[in-house]
Amino acid sequence: MTLVAPSIGVAGTSLLNGGAILGWGLGIPSGVITNADLEARLDTSDDWIVERTGIRERRVVGEGESTATLAITAGAQAMAHAGLTAADIDLLIIATATPDQQVPSTAAFVQDALGLRCGAFDLGAACSGFAYSLVVASSFLATGAVRHVLVIGSEVITRFLDPADRGTQILFGDGAGAAVIGAAPDGAGLLAWDLGCDGSAATILEVPGGGRSMPATPETVAAGGQYLRMEGREVFRRAVRAVVDSATVTLERAGVTADDVDLFIPHQANARIVDAVLPRIGIPAEKTFMNVERFGNTSAASIPIALAEAADAGLIAEGDLVLLSGFGAGMTWATALLRWSRGAQSS
Ligand code: UT7
């Protein structure tokens, strides 16, 4: 079975003038959890973690920090970087699997704090959330009804983790990354994309408790139902297949090859997943941006944090082909191919 079968995926090609990234920002919590910190309280080792994941440290929120506060920091930076104010933003999308509250959306808190006067909603596609949001934002732009969409991937996953579960403790971290999406010159912006979901694999990465099907009770909490549970090996296996299929079909849709890609920014889940994916897509490690070593897996924040760091490091030039690809709980996957542009005015 191919993961990009029409029955479980939605395919797309060029959208009218969408997908230029006009500005970006970061919301990075100051707390750090090193492998040595984990060694001190779990049956694990720095060697094991580095060899199996490539991760050396991850960030963690402290007192007063939350998914919304990280998003606010990232979003404010992205607006300033794009040279825009709150009045210029026509839509806010927060990609998150770890909202501050179940009701209202995290977007409501962020909209208020940033002084936005526009529609605001959360998008739930787990680690694929930012790439999903990029496609949604570009679709809104294509209607001509909005000019700028603020997209923020923000997560506080550490508060979802079982303190005794070494499988998840070593992997995940907190953070936020934001981008202002606007109109692109002809031939630039979002060139092609692929979104998918295979809900038959929903239980391999899930938080079973705390929702309406299993409301939090003393019993569910005692059983750890509020924690993220993950079948690591199965997620790994499916992730490789999903990213390879999704990236490949996206390149085909754009009529380009892997050789044409200037920079690949994969979801930073585990360096070994990326190692497995690269030869199968045909992209060399030198053209791949990685920061999993310093952040771990920040779910929907991982691609925008990496994108912002790569752009800040001068690794992306106007006209470059940038491939973003993520996968996560659901299982979901999402790939976006961008012809890099800072907007219609830069043509
Ligand atoms: O964003 C999407 C979300 N998730 C992912 O992308 C996660 C995908 N999966 C993974 O990254 C990997 O499966 C993990 C990093 C979670 C685990 O690595 P693995 O290479 O798949 O290890 P494993 O689960 O196959 O376990 C191998 C061995 C086992 O010991 P035995 O049975 O061979 O004696 C585990 O008990 O390693 C042991 N192990 C550990 N040892 C030290 C598992 N976790 C740890 C640990 N420290 N943290």
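Me: Why is Ser299 called buried?

Reply: Ser299 has a relative accessible area of 2%. Buried means under 20% relative accessible area, exposed means over 50%, and partly exposed lies in between (1.4 Å probe, protein chains only). Ser299, at 2%, is therefore buried. The model is a predicted one, in which local features need pLDDT of at least 70, side-chain atom pairs count only at pLDDT 80 or more, and totals for chains, interfaces and linings use all residues. Residues are numbered from 1 along each chain as its sequence is written, and side-chain values use heavy atoms, without hydrogens and water.

Me: How do you know whether Ala126 is buried or exposed?

Reply: The relative accessibility of Ala126 is 12%, so this residue counts as buried. Ala126 also has a positive phi, near 50°, in a residue other than glycine. Its place is in the loop between β6 (119–123) and α5 (129–143).

Me: Why is Trp48 called partly exposed?

Reply: Trp48 has a relative accessible area of 41%. Trp48 lies in helix α2 (residues 46–53).

Me: What makes helix α11 mostly covered?

Reply: In α11 (residues 302–312), 10 of the 11 residues are buried. Among them are Ser302, Pro304, Leu307 and Glu309. Just after this helix, Gly314 takes a positive phi of about 75°.

Me: What makes a set of residues a nonpolar core?

Reply: The term covers buried Ala, Val, Leu, Ile, Met, Phe, Trp, Tyr and Cys residues joined through side-chain atoms within 4.5 Å. The largest such core has 45 residues, and Ile281 and Phe327 have the most contacts inside it. Two or more residues come from each of α8 (232–254), α9 (271–281), β13 (321–328) and β14 (332–339). Helix α8 gives the most, with 9 residues. A second, separate core has 41 residues, including Leu26 and Leu263. In soluble globular proteins, nonpolar side chains tend to be buried together.

Me: Which residues does Phe327 touch?

Reply: With contact meaning heavy atoms within 4.5 Å, and residues up to four places away in sequence left out, those touched include Cys127, Val235, Ile273 and Trp333.

Me: Which residues come nearest to the ligand?

Reply: Thr44, Arg52, Arg233, Asn270 and Arg272 come nearest, of the 24 residues around the ligand. A residue is near a molecule or strand if one of its heavy atoms lies within 4 Å of it. A polar side-chain atom of Thr44 is 2.6 Å from a nitrogen atom of the ligand, and one of Arg166 is 2.8 Å from an oxygen atom of the ligand.

Definitions and conventions:
Helix = DSSP H or I, 4+ residues; strand = E, 2+ residues; numbered from the N terminus. Polar contact = N/O pair within 3.5 Å; in protein donor to acceptor, adjacent residues only side chain to side chain.
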